[in-house]
Amino acid sequence: MRNQPSAQSAIPTTGYIRRYRLAEMLGMSLSTLDRKVRNGTLPKPTKLGEKITAFDAVEINRWLEERRHSA
């Protein structure tokens, strides 16, 4: 079997991504994700409800693109 990323691991271009899924997609721990948000190197998530916080996929893709160009 070939080692290809599954469709579920690809970062969507629109919509929202839950915190634990984004950490998984970016290959980092939740604590690293939280630290990047706190120090401003990752866009802040949006509060969607009382217990639901998620990241805007458009902002995450823009952040990834900026990182690609600065590398």
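Reader: How is helix H1 known to lie across S1 and S3, and at what angle does H1 run to S1?

Author: In this predicted model, H1 (residues 19–26) lies across S1 and S3 and runs at about 90 degrees to S1. Contact means heavy atoms within 4.5 Å. Angles run from 0 to 180 degrees between N-to-C directions, the axes being lines fitted to C-alpha atoms, for helices over the stretch in contact. Helices (H or I, at least four residues) and strands (E, at least two) are DSSP runs, numbered from the N terminus.

Reader: Why is the link between Asp34 and Arg19 called a salt bridge?

Author: A salt bridge requires a side-chain nitrogen of Lys or Arg within 4 Å of a carboxyl oxygen of Asp or Glu. The closest N and O atoms of Asp34 and Arg19 are 2.8 Å apart, so the pair qualifies. Asp34 lies in helix H2 and Arg19 in helix H1, so the pair ties together parts that are 15 residues apart in sequence.

Reader: What makes Glu24 buried or exposed?

Author: Buried means under 20% relative accessible area, exposed over 50%, and partly exposed in between (1.4 Å probe, protein chains only). Glu24 has a relative accessible area of 54%, and is therefore exposed.

Reader: On what basis are the values given?

Author: The model is predicted: local features need pLDDT of at least 70, side-chain atom pairs count only at pLDDT 80 or more, and totals for chains, interfaces and linings use all residues. Residues are numbered from 1 along each chain as its sequence is written, while side-chain values use heavy atoms, with hydrogens and water left out.
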